[in-house]
Amino acid sequence: MSENSERSVVVERTSSGQYVATNARGGSIAFGTAPDGGQDTGFTPVELFLAAIGGCTAVDVDAATGRHAEPTRFSVTVRGDKVVDDLGNRMTNLEVAFTVAFPDDEEGAERARAILPRAVKASHDRLCTVSRTVEIGTPVTTTVTDA
């Protein structure tokens, strides 16, 4: 492991069903569940999970293709099915779909289009920490400490 390998966030409850995750640099994001089945538009933990997969692979692919041309469209859709079975609550059938376009007249656009499939594959196969962790499977340890 490298010297700076640890990553962490702190999740704090702000109200019933609502939380804020804060990273070591001071960035934060609110999330939670809608109280009593309401129509809260905030992210749920599962949606954050999907966003983490999409965001991680988007960063990889954008870095590779963006060196050659600025995209006119760059969208990543991540979907899956939430199931409850003998294994418990989990997501299955995870899919990541890229929609990327480059201008026809920009220098490097042809190169960016050509490397797009390789960049997506490289992100999936070895670069995206989030999806690699899911695919490989990593145990999660939980503990309870006194307040």
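The model is a predicted one, in which local features need pLDDT of at least 70 and side-chain atom pairs count only at pLDDT 80 or more, while totals for chains, interfaces and linings use all residues. Residues are numbered from 1 along each chain as its sequence is written, and side-chain values use heavy atoms, with hydrogens and water left out.

The largest pocket has a volume of about 1100 Å³, where a pocket is an open set of points on a 1 Å grid over the protein atoms alone, at which a 1.4 Å probe fits and which has protein on both sides within 12 Å along at least five of seven lines. Its volume is the space filled by probe spheres set on the points, with grid points joined across faces, edges and corners. The lining of this pocket (residues with an atom within 4 Å of a point) comprises 24 residues, and Arg7, Ser8, Val9, Ala52 and Val130 are those nearest the centre. At least two lining residues are supplied by each of β1 (9–15), β2 (18–23), β3 (28–32), α1 (45–66) and α3 (129–136), these elements being DSSP runs numbered from the N terminus (helices H or I of at least four residues, strands E of at least two). Helix α1 gives the most to this lining, with 4 residues. By class, the lining of the largest pocket holds 13 nonpolar, 8 polar and 3 charged residues, where Ala, Val, Leu, Ile, Met, Phe, Trp, Tyr, Cys and Pro count as nonpolar, Asp, Glu, Lys and Arg as charged, and the others, Gly among them, as polar.

The second largest pocket has a volume of about 240 Å³. It is lined by 14 residues, of which Ile53, Val96, His124, Ser131 and Glu135 are the closest to its centre. Two or more of the lining residues come from each of α1, β5 (88–101), α2 (109–127) and α3, and the largest share, 4 residues, is that of β5. This lining divides into 8 nonpolar, 4 polar and 2 charged residues.

Two packed helices are described by the angle between their axes and the distance between the axes. The axes of α1 and α3 come within 7 Å and cross at roughly 120°, the axes being lines fitted to C-alpha atoms over the stretch in contact and the angles running from 0 to 180 degrees between N-to-C directions. The two helices α1 and α3 are therefore oblique to each other, since angles under 35 degrees count as roughly parallel, over 145 as roughly antiparallel, 65 to 115 as roughly perpendicular and the rest as oblique. Phe49, Ala52, Ile53 and Cys56 of α1 meet Thr129, Val130, Ser131 and Val134 of α3 in this contact, contact meaning heavy atoms within 4.5 Å. The contact of α1 with α3 has 6 nonpolar, 2 polar and no charged residues.

Helices α2 and α3 pack with their axes 7 Å apart, at an angle of about 55°, which makes α2 oblique to α3. Here Ser123, His124, Asp125, Arg126 and Leu127 of α2 contact Thr129, Ser131, Arg132 and Glu135 of α3, and the classes are 1 nonpolar, 4 polar and 4 charged.

Strand β5 also contains Asn93, a residue other than glycine with a positive phi, near 55°. Asn93 is partly exposed, with a relative accessible area of 48% (buried is under 20%, exposed over 50% and partly exposed in between, with a 1.4 Å probe and protein chains only). Asn89 lies in strand β5 and counts as exposed, at 58% relative accessibility. Apart from neighbours within four places in sequence, Asn89 is in contact with Val83 and Val84.
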